[in-house]
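Notebook open, viewer loaded. Jotting down what I look up as I go.

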Amino acid sequence: MQKSHATDLTQGPIGRGLLLFTAPLLCGQILQQLYNTVDAWVLGNFESAQGLAGITAIEATIRLIISLVSGFSIGGSVIISRYFGERNRENTIAAMHACFIFGLIASALSTIICSLLARPVLVWVSVPADILPISLSYLRIYFLGISTVIMYNICMSIMRAVGDSMHPLFYLLISCVTNIVLDLLFVVVFHWGVAGTALATVLSQGLSCILCMLHMQKAQDETHMDLAHLHLKKGMMGEIIRQGLPMSIQNSVSNIGNMVVQSNFNLYDQLYEGGKGLMVAGMGAYTKVEGLCFLPFSTMGLSLPTFISQNYGAKKYDRLRKGAAFGILITSAFAALLGLLFYFFAPQAIGLFVTDSVALHYGVLHTHTAALFFGMVAFCQCTAGVLRGCGKALIPMISMLSCWCVIRVCYVTLAMKFFPSYPAIVAAYPITWTLCAMVLGIALYRVLRKKGLENAH
């Protein structure tokens, strides 16, 4: 019998256990972020600002597709964690199988639908004509290999649900190194440009996906799953869909909102900067640094549902509340500090990705408008994670849809019409982050009250 790599988060010191479980996830998120960051660095330094603008203009589109599936994978993870906390081995395995089968179905549908809609989507989000061929080249290759991205995230969620965060990290490390090597080979040596970065991403993600599947097939602990004899227990897929659908809707509609916001940035570039893509490149440089800054608190937002759900299943409510408070407070404080550092060192950070003075100006301007509100984002991510772990996925869905989508899109639309300036448009983010934090804070207090939590179970 192999050594178990599952982690029981219902026992031991709360802070230490949560941080030890989160640390490998954070490393994995950093490596995941390096995929896009390396693409941006290689294109910005060995190709042109237009190449960076080309992939920046479609980031919201890619995030939309991934978020549709990741919502269900997170929902499956919560269900698996709950049965694992209850020590219900039969239902734990059944939930793992249902989650994996869902991933296979989603992979097939996503590959077909996304490949057909690549060009219409780029036209809809107003990608500037000068960079549209670049964006289309990247998107077509990425969508053809999107099944590798989906199945890796499904496998990662299954292993993470039972506390195994080390194997996904190890496989992702191998994949990340492969991505860097292929990026340099395809872009610097072969001069394949944006198409080369897309191909490198798909091949390296495919490698991590294969490694995860091989491990799950051979493992003899809680992460084992016989892929040759998958079965679907009656009602289990429905349970995962009920838990994951609110998260999926929230993510997808929020990303649709981001696509609308991105289209306004693209339009602003065409109206006021000649459509050369330099403003979009500056925004892209900012988003790369922002993505790295967001990793610690987005990772804690992913860890908390597992911790909360395992303790919820074990009916350890006091431990659940203490873990929630620890995760939210420490992460929000760290995020505020990180945002402050980014604010003061914006020129140096943005300069890592762009050298053009116009692009650099817009990247720094974006930073000075948004960075001081990173603490609000951390609070939202962690609070939403706690609520999902308690089975209250509808609350963060409604809150984030209202603030991060509806209000944000309305604000940006009005800003473009009545006071079209770059800082005014960017202000949509800190405004909606703050509103969402207020709403989720009130909801969290109501759910974690003693009677509310016990009655919910």
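Predicted model: local features only at pLDDT ≥ 70, side-chain atom pairs only at ≥ 80, totals over all residues.

I started with helix H10 (residues 278-313) and helix H14 (residues 374-389), which pack at an angle of about 25° with their axes 7 Å apart. Helices here are DSSP runs of H or I with at least four residues (strands are E, at least two), numbered from the N terminus. Axes are lines fitted to C-alpha atoms, for helices over the stretch in contact, and angles run from 0 to 180 degrees between N-to-C directions. H10 and H14 are therefore roughly parallel to each other; angles under 35 degrees count as that, over 145 as roughly antiparallel, 65 to 115 as roughly perpendicular and the rest as oblique.

Residues are numbered from 1 along each chain as its sequence is written, and side-chain values use heavy atoms, with hydrogens and water left out.

I listed who makes the contact (heavy atoms within 4.5 Å): H10 brings residues including Tyr-286, Glu-290, Phe-297 and Tyr-312, and H14 brings Phe-374, Gln-381 and Gly-389 among them. By class, the residues of this H10 and H14 contact divide into 14 nonpolar, 5 polar and 1 charged. For the classes, Ala, Val, Leu, Ile, Met, Phe, Trp, Tyr, Cys and Pro are nonpolar, Asp, Glu, Lys and Arg are charged, and the others, Gly among them, are polar.

Next I checked H11 against H14. Their axes come within 7 Å and cross at roughly 155°, so H11 and H14 are roughly antiparallel to each other. This crossing of H11 and H14 is right-handed. On the H11 side I found Ala-324, Gly-327 and Phe-342 among the residues meeting H14, whose own set includes Phe-374, Ala-378 and Val-386. The residues of this H11 and H14 contact divide into 10 nonpolar, 6 polar and no charged.

Then some single residues. Is Arg-319 buried or exposed? Arg-319, in helix H11 (residues 317-344), counts as buried at 14% relative accessibility. The cut-offs are under 20% relative accessible area for buried, over 50% for exposed and partly exposed in between (1.4 Å probe, protein chains only). The Arg-319 side chain makes a polar contact with the Asn-311 side chain at 3.1 Å. That term means a pair of N or O atoms within 3.5 Å; within protein, one must be able to donate a hydrogen and the other to accept it, and residues adjacent in sequence count only if both atoms are side-chain atoms. Leaving out residues up to four places away in sequence, Arg-319 also touches Leu-9, Pro-13 and Phe-307, among others.

Gly-193 sits in helix H8 (residues 193-218) and is buried at 8% relative accessible area. Outside four places in sequence, Gly-193 touches Leu-43, Glu-47, Phe-186 and Val-187.

Val-123 in helix H4 (residues 89-124) counts as exposed at 52% relative accessibility.

His-191 has a positive phi near 60° without being a glycine. His-191 lies in the loop between helix H7 (166-189) and H8, and is exposed at 59% relative accessible area. Arg-87, not a glycine either, has a positive phi of about 65°, and lies in the loop between helix H3 (59-85) and H4.

Definitions and conventions
Left-handed = near helix turned anticlockwise from the far one by under 90°.
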